[in-house]
Structures are given as structure tokens and as C-alpha cells.
Amino acid sequence: MERLNLSEKPAHSLQESAIHCARYANILHLVKDKVVLDIACGEGYGSALLMKAVAKRVVGVDISEESIERAKKLFGKYDVEYIVSDANTISERYGEDFFDRTKKDVRGIDV
């Protein structure tokens, strides 16, 4: 599933939607006091979850202007910075060391 549209009846099964949301739930323990980048954030619900999990700052990025506008409308109260951009230009905008990096991925494997 590419995007979970929260403003319409889901086109995907509830099971598929739950799996999509679980991807964020599995990393919440990693974001406390971190500056987090959420690439391909879609409508921003995951970015908002990361912020609610006490991340220091969250930047949600998506190439779709429509999705970012919905993210701002639906989740603007969570102080997430939602921007229209692509993954290739983020380091130009923020620099290489702006976002915190984890030493392990969600499976516990060193990266």
C-alpha cells in the first residue's frame, strides 16, 4: 500500500491498513528526544505518532502536495513540520547531520 488516505473510505483492507500503521508503532521507542525524518509520510499520521512518542522534532516529507496539505489539515496541531519534497533533496535543505541516526534498524541490526 502506497498511501493510507484518512479522509475517505479505505480502499485497502483493514488488515493491510493495520500493518501499515504497525510499521510506525514498531519504532516509537527509538524516537524519544530525537530529530526524526519521515520520508514518504503521506497524510502524516505516522509523523504525528512519532511526535506524540516524544520525538524532539519530526519532519514529514512527501512528494505529493495534496498529501502534505491533508497532513497539515489533519495533524497540524502536533507541531510536525510537513514539507513537499523528494528524498534526494532533503540533505540539501537540512544538511547531512541535521537528523538523528540510530545505530540499529528496527530489527536490531547494526546499520
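**A first walk-through**

Guide: Along the sequence, the protein runs α-β-α-β-α-β-α. Helices (H or I, at least four residues) and strands (E, at least two) are DSSP runs, numbered from the N terminus. This is a predicted model, where local features need pLDDT of at least 70, side-chain atom pairs count only at pLDDT 80 or more, and totals for chains, interfaces and linings use all residues. Residues are numbered from 1 along each chain as its sequence is written, and side-chain values use heavy atoms, with hydrogens and water left out.

Visitor: How many helices and strands does the protein have?

Guide: Four helices and three strands.

Visitor: In what order do the strands sit in the sheet?

Guide: The order is β1-β2-β3, in an open sheet with parallel pairing. Two strands pair if DSSP finds at least two bridges between them. β1 (35-39) and β3 (81-84) are the edge strands, each pairing on one side only. From one strand to the next, the twist averages 20°.

Visitor: How many bridges join β2 and β3?

Guide: Four, in the parallel sense, with β2 covering residues 57-62. Gly-60 stands opposite Tyr-82 in β3.

Visitor: Which strands does α3 lie across?

Guide: β2 and β3. α3 runs at about 165° to β3. Axes are lines fitted to C-alpha atoms, for helices over the stretch in contact, and angles run from 0 to 180 degrees between N-to-C directions.

Visitor: Now the inside. Which residues of the largest nonpolar core touch the most other members?

Guide: Val-31, Val-36, Leu-50, Val-58 and Tyr-82, out of 16 residues in that core. α2 (45-52) and α3 (65-75) each supply at least two of its residues. The largest share, four residues, comes from α2. Another core, of seven residues, lies apart from it, and its members include Val-59, Ile-90, Tyr-94 and Phe-99.

Visitor: Which side chains does Arg-70 make polar contacts with?

Guide: One is Glu-43, at 2.3 Å. Another is Glu-66, at 2.8 Å. A polar contact is a pair of N or O atoms within 3.5 Å; within protein, one must be able to donate a hydrogen and the other to accept it, and residues adjacent in sequence count only if both atoms are side-chain atoms.

Visitor: Switching to loops. What is phi for Ala-40?

Guide: Near 60°, a positive value in a residue other than glycine. Ala-40 is in the loop between β1 and α2. Ala-40 counts as exposed, because its relative accessibility is 53%.

Visitor: Where is Asp-79?

Guide: In the loop between α3 and β3. Asp-79 has a positive phi of about 60°, although it is not a glycine. At 61% relative accessibility, Asp-79 counts as exposed.

Visitor: Last one. What share of the protein's residues count as buried?

Guide: 36% of the 111 residues.

Conventions. A nonpolar core is a set of buried Ala, Val, Leu, Ile, Met, Phe, Trp, Tyr and Cys residues joined through side-chain atoms within 4.5 Å. Buried means under 20% relative accessible area, exposed over 50%, partly exposed in between (1.4 Å probe, protein chains only). Contact means heavy atoms within 4.5 Å.
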